[in-house]
Amino acid sequence: AHRGYPLRYPENTLPGIAAALGCGARYVEVDVQLTADGVPVLFHDATLERLCGVPGAIAGHGLAALSRLSPGAPHYFGGRYADLVIPTLRELVALWRDWPQATLFVEVKAEALARFGIGPVHRAVSEILEPIQERAVLISFDLDLLAAVRGIGWPALGAVVERWSNLEDPRIAPLS
C-alpha cells in the first residue's frame, strides 16, 4: 500500500494506513520528513501546498504549528478530512504494533537530509522505529544515509533508484 490507501483517504495519514492494513495489505510504504524541531512526521511532498493548501515546507514549521494543518488534500477530498493532522512517526509505530504480520517501508525524504544532515535524521528515525525494527525497512534515494544506517546494524534497507543503471553504483551492494 503506497502511502496507505490514497484512493479513499489522504496519503500518509493514520486512517489511510489503518484502512490499507484492514483490507489485507501486508506491506505499506510511507514517507518521513523532520519538522523544524526535529520530529519525524509522515509527509511526502517538498511543500505543504498540495495536501494542506498552504505554502512552505515541513522543515519550516515546528510540530505545534503543523498540528494546526490538515493533510486532507482538499482539492481531491473536499473538506471530508479537514479534521486530520499530519501524523508523527511515533504515532505510526504505535499503530503498527497492532499489525505484527505487516512490514513497513519508511522512505526518508531528501528534504529532511538536506536540512538536518544524515546523522540527526537517521538517529531520530531509527530511535522511533527501534521497537518494530524487525518489520521496518528503511528506504531512500540517499545511499550515504543507507550506509550510515547499515553501520549501526539496521536489519533491512532498500535503495530507491531513478534508473536501472543506478543499480551498478558500488555503494548499493554492501547494503544487502
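A helix here is a DSSP run of H or I with at least four residues, a strand is a run of E with at least two, and both are numbered from the N terminus. The model is predicted: local features need pLDDT of at least 70, side-chain atom pairs count only at pLDDT 80 or more, and totals for chains, interfaces and linings use all residues. Residues are numbered from 1 along each chain as its sequence is written, and side-chain values use heavy atoms, with hydrogens and water left out.

**Exercise 1.** Locate Arg68 and decide whether Arg68 is buried or exposed.

Solution. Step 1: Arg68 sits in the loop between α3 (63-66) and α4. Step 2: buried means under 20% relative accessible area, exposed over 50%, and partly exposed in between, with a 1.4 Å probe and protein chains only. Step 3: the relative accessibility of Arg68 is 64%, so Arg68 counts as exposed. Step 4: from C-alpha to C-alpha, Arg68 is 42 Å from Pro174, and the two are 106 residues apart in sequence.

**Exercise 2.** Place Glu107 in its secondary structure element and list its contacts from beyond four places in sequence.

Solution. Step 1: strand β3 (residues 103-108) contains Glu107. Step 2: with a relative accessible area of 9%, Glu107 is buried. Step 3: contact means heavy atoms within 4.5 Å. Step 4: once neighbours within four places in sequence are set aside, Glu107 touches Glu29, Val30, Asp31, Val32, Ile139 and Phe141.

**Exercise 3.** Find the buried residues of α5 and the elements that they pack against.

Solution. Step 1: in helix α5 (residues 89-96), Leu89, Leu92, Val93, Leu95 and Trp96 are the buried residues. Step 2: because they span an arc of only 160 degrees around the axis, they lie on the same side of α5; the arc is taken over the directions from the helix axis to the C-beta atoms. Step 3: a helix has 3.6 residues a turn, so residues three or four places apart point the same way. Step 4: the packing partners of these buried residues are α1 (14-22), β1 (27-34), β2 (40-42), β3 and α7 (118-129). Step 5: seen from α1, the buried residues are Gly16, Ile17, Ala19, Ala20 and Leu21, and they pack against β1, β2 and α5.

**Exercise 4.** Describe how α7 packs with α5 and with α8.

Solution. Step 1: axes are lines fitted to C-alpha atoms, for helices over the stretch in contact, and angles run from 0 to 180 degrees between N-to-C directions. Step 2: angles under 35 degrees count as roughly parallel, over 145 as roughly antiparallel, 65 to 115 as roughly perpendicular, and the rest as oblique. Step 3: the axes of α5 and α7 are 9 Å apart, at an angle of about 25 degrees, which makes α5 roughly parallel to α7. Step 4: Leu89, Arg90 and Val93 of α5 make this contact with Val125, Glu127, Ile128 and Leu129 of α7. Step 5: the axes of α7 and helix α8 (residues 143-151) come within 10 Å and cross at roughly 55 degrees, and α7 and α8 are therefore oblique to each other. Step 6: this contact involves Ile118, His122 and Ser126 of α7, with Asp144, Leu145, Ala148 and Val149 of α8.

**Exercise 5.** Characterise two of the aromatic pairs, Tyr9 with Tyr81 and Tyr27 with Phe105.

Solution. Step 1: rings of Phe, Tyr and Trp (its six-membered ring) pair if their centres lie within 6.5 Å; planes under 30 degrees apart count as stacked, over 60 as edge-to-face, and the rest as tilted. Step 2: five aromatic pairs are found in the whole structure. Step 3: the ring centres of Tyr9 and Tyr81 are 5.6 Å apart with planes at 45 degrees, so this pair is tilted. Step 4: Tyr9 is in the segment before α1 and Tyr81 in the loop between α4 (74-77) and α5, 72 residues apart. Step 5: Tyr9 is partly exposed at 24% relative accessible area, whereas Tyr81 is buried at 10%. Step 6: the ring centres of Tyr27 and Phe105 are 6.3 Å apart and their planes at 55 degrees, so this pair is tilted. Step 7: Tyr27 is in strand β1 and Phe105 in strand β3, so the pair ties together parts 78 residues apart in sequence. Step 8: Tyr27 counts as exposed at 51%, and Phe105 is partly exposed at 25%.
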